[in-house]
Amino acid sequence: MTTLLLQVLLLSLATQFGCAVEVDSTELLNGLSRFDGRRVTYEGEVIQDLMRRGDHAWVNLNDGQNAVGVWVSAESLRAIRFSGSYDYRGDWVEVTGVFHAACPEHGGDVDLHAEDLWVVRSGEPTPHPVRGGDIGVALASLATTALLLLLGRRAELARRSRGHSATSRKDRAA
């Protein structure tokens, strides 16, 4: 209870003096009305595509719990090198800006309009090494498939050959 009171006190003091409050995505999404219109600092991994819209862009940041859409200046995108995907771990960035529970500029969506963006930790390629066991399974599957195709082809040829022989015998008998 004391911790909650201290958090509320610090939040109200920070808001009064125009300071940004450090938050995570769960706090933001569970406290929409509490943070609406306030300056916050949020950090997370850049994920998915960077979506340019004129002189601004959408960047999705995932802090490991949820993703938050962040509206940034197109100029800020220069700092971002990696966007998280299967092949890359995205840059970990910190943004400070105004949080909107229902942004009037963007159709009532939840978003964060960044005033500042900086890369805390650069992203990197994600290695996907092939393990020896995986190669063995792949080769065994390939060999089994080839064998089944070969046996199927031989069976088909044998059926055709028997059908052709039966027809030839009937023709000879007539």
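**Close-up 1. Leu 142 on the surface of helix H4 in the predicted model****.** Leu 142 is exposed in this predicted model, since its relative accessible area of 57% lies above the cut-off, exposed being over 50%. The residue belongs to helix H4, which comprises residues 132-173. Together with Val 130, Ile 135 and Leu 139, Leu 142 makes a nonpolar surface patch of about 410 Å².

**Close-up 2. The salt bridge between Glu 124 and Arg 89****.** The closest N and O atoms of Glu 124 and Arg 89 are 2.8 Å apart, and the two residues form a salt bridge. Glu 124 is located in strand S8 (residues 124-125), whereas Arg 89 is located in strand S5 (residues 88-89), so the pair ties together parts of the chain that are 35 residues apart in sequence. With a relative accessibility of 39%, Glu 124 counts as partly exposed, and Arg 89, with a relative accessible area of 44%, is likewise partly exposed.

**Close-up 3. The salt bridge between Arg 159 and Glu 156 in helix H4****.** The side chains of Arg 159 and Glu 156 meet in a salt bridge with an N to O distance of 2.9 Å. Both residues lie in helix H4, where a spacing of three residues places them about one turn of the helix apart. Arg 159 counts as partly exposed at 47% relative accessibility, and Glu 156 also counts as partly exposed, at 26% relative accessibility.

**Close-up 4. Glu 156 and Arg 160, and the network that includes them****.** A salt bridge joins the side chains of Glu 156 and Arg 160, with 3.2 Å from N to O. These two residues are four residues apart in helix H4, and are therefore separated by about one helical turn. Glu 156 takes part in a salt bridge with Arg 159 and in another with Arg 160, and the three residues are linked in a network of salt bridges. For the model as a whole, the count comes to four salt bridges, among them the pairs Glu 124 with Arg 89, Arg 159 with Glu 156 and Glu 156 with Arg 160.

Note on methods:
Residues are numbered from 1 along each chain as its sequence is written. This is a predicted model: local features need pLDDT of at least 70, side-chain atom pairs count only at pLDDT 80 or more; totals for chains, interfaces and linings use all residues. Side-chain values use heavy atoms; hydrogens and water are left out. Patches are made of residues with over 30% relative accessible area and no salt bridge: like charges are joined within 9 Å, nonpolar side chains (Val, Leu, Ile, Met, Phe, Trp, Tyr) within 5 Å. Accessible areas come from the Shrake-Rupley method with a 1.4 Å probe; for residues, only the protein chains shown count as cover. Buried means under 20% relative accessible area, exposed over 50%, partly exposed in between (1.4 Å probe, protein chains only).
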